[in-house]
Amino acid sequence: MRLSTRIALAVGVTVPVLVLATGWLLLRLVAADLHDQQDAHLRERATTVAKDARGLLRASAADRSAAVEQARQRRLFTSALDVGVRLIGPDETFTGGPQPDAGAPLPASAPVPVTLRADGHSWRILSTRVTGARPGVRGTLWLFASDTAADTQLRLVRRRVVSVALLAAPLSGLLAWSVAARASRPLRRLQRRASGLDPRSSPARLDHTPTRIAEVDDLAHTLRTVLARYDEQAARTAEALATARSFASAASHELRTPLMSMQTNLEILAGHPELAGADRDEVLHDLRREHARLLGLLVMLRDLGRGDLVEADAFGPVDLADVVEASTEEQRRRHPRARLSGHCVPGLWVHGWEPGLRTVVDNLLVNALVHGHGEGRPARVEVSLRASGTDVILVVDDQGPGIPPELRAQVFERFRRRPDSPGSGLGLTLVAQQIALHRGSIRVLDRPTGPGTRIEVTLPLVNGVADEGSTLPLRRNWMIEAADRPQEFHKDDS
């Protein structure tokens with residue numbers, strides 16, 4: 001049912017009810033006014049007639065002639081005018097004028113006018129005591145005024161109220177429907193515009209001109225917000241699907257080599273059960289190495305996909321010094337022969353995703369420990385963390401062979417690794433991804449005090465206060481963007 005129809009029905013029902021309610025109140029007020037007029041007239045007649053009633057009682061008590069008594073009665077009834085009179089004396093009752101039948105029960109007294117209903121008629125009655133100076137001159141004077149005129153007027157008002165209510169129902173309904181239809185026209189236009197939108201086939205969005213109708217404008221704003229959230233979620237879903245496809249493509253290609261190598265080694269073991277000694281140990285060593293490479297590759301691809309799909313609400317204040325110290329301690333346990341030293345200034349807060357920041361530090365340290373050593377010497381890695389203006393700077397130095405300037409931009413590409421590297425070629429790609437997500441920067445430099453590599457990471461310092469404007473990820477397509485590139489480019493260095 002349309003809104004205008006609902007409003008018309010509601011008004012069409014409400015208005016007659018209001019008319020009837022006000023009509024009932026009007027009837028009560030009119031009846032009260034009519035009774036007040038009748039009561040005032042009865043009191044006035046009672047004051048005028050009381051003197052003649054007293055004279056009639058005196059004449060009756062003194063046993064005067066019938067002519068005198070009749071004259072007194074005529075005088076009493078004449079002074080009463082249109083009001084019925086009933087004078088009840090000690091020995092006789094005198095009646096005249098319009099009044100109920102003698103058999104109609106009267107109240108014991110009516111010093112205040114009351115309504116009496118008898119024989120289908122309504123009367124306003126008033127009684128007053130009549131007394132004289134002589135003994136035996138006492139009685140009760142009753143005055144009666146017909147209530148027929150008041151009833152007629154009330155019936156007329158009642159009919160008019162009902163007529164107005166019956167007429168008001170369709171008229172008010174039609175008027176309300178017309179006004180509601182006109183008032184809801186902007187809402188219908190908004191509905192037509194919204195119903196014509198199809199996010200699956202058109203990028204068009206709701207075009208709304210302010211109507212100065214608060215409800216319509218608020219609804220349009222709500223629809224725009226919903227559509228914007230739909231677009232955002234649709235884009236995120238598309239990114240997630242593209243990331244999943246890229247993950248599957250990369251995994252299927254990159255896992256092929258270690259799996260085929262493992263299959264070859266397993267076939268050697270199965271086909272030569274007599275194989276023993278150094279040859280068997282070499283095959284088992286290759287199996288373990290390929291197995292480790294396979295697991296590492298899966299973990300790296302998973303982390304890269306997580307970075308592409310992380311949401312802004314996962315970001316929060318993180319003390320980078322705690323992250324660096326925790327990662328350094330873990331690498332010391334894993335590489336007991338390496339020399340890993342560091343200096344971190346505590347209380348350097350950044351607004352970031354803690355798992356992502358831990359990935360940055362872990363991969364930088366692992367990369368330095370794997371490649372940062374010379375022939376026959378254990379790795380020597382130095383880590384430092386300091387503030388510089390509004391930024392926090394993380395520096396990782398190693399004493400390896402270094403990276404030529406022309407190759408430094410390539411180390412962050414997916415699957416780019418040295419020929420003798422045991423890694424997956426995704427460690428520094430993960431680092432670059434997370435730095436981009438945190439609106440930071442990363443540089444590859446020469447170690448200033450000798451041979452080796454320095455990697456310098458710069459992140460914005462927020463002093464422990466979340467800056468929501470800086471938490472939106474800059475680049476979220478590291479898996480997708482590389483999916484269209486040949487997966488064999490890292491083979492050139494192998």
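## Salt bridges

Across the whole structure, a search finds 10 salt bridges, each defined as a side-chain nitrogen of Lys or Arg within 4 Å of a carboxyl oxygen of Asp or Glu. The model is predicted, so local features need pLDDT of at least 70 and side-chain atom pairs count only at pLDDT 80 or more, while totals for chains, interfaces and linings use all residues. Residues are numbered from 1 along each chain as its sequence is written, and side-chain values use heavy atoms, with hydrogens and water left out.

One of these salt bridges joins the side chains of Arg124 and Asp39 at 2.8 Å, N to O; Arg124 lies in strand S4 and Asp39 in helix H1, 85 residues apart, with helices (H or I, at least four residues) and strands (E, at least two) taken as DSSP runs numbered from the N terminus. Both Arg124 and Asp39 are buried, where buried means under 20% relative accessible area, exposed over 50%, and partly exposed in between (1.4 Å probe, protein chains only).

## The sheet and its cross-strand pairs

Five strands form an open sheet with mixed pairing, in the order S7-S9-S10-S12-S11, two strands being paired if DSSP finds at least two bridges between them. S7 (339–344) and S11 (441–446) are at the edges with a single partner strand each, so one side of each is left without a neighbour in the sheet.

Asp397 belongs to S10 and Arg454 to S12, so the pair ties together parts 57 residues apart in sequence.
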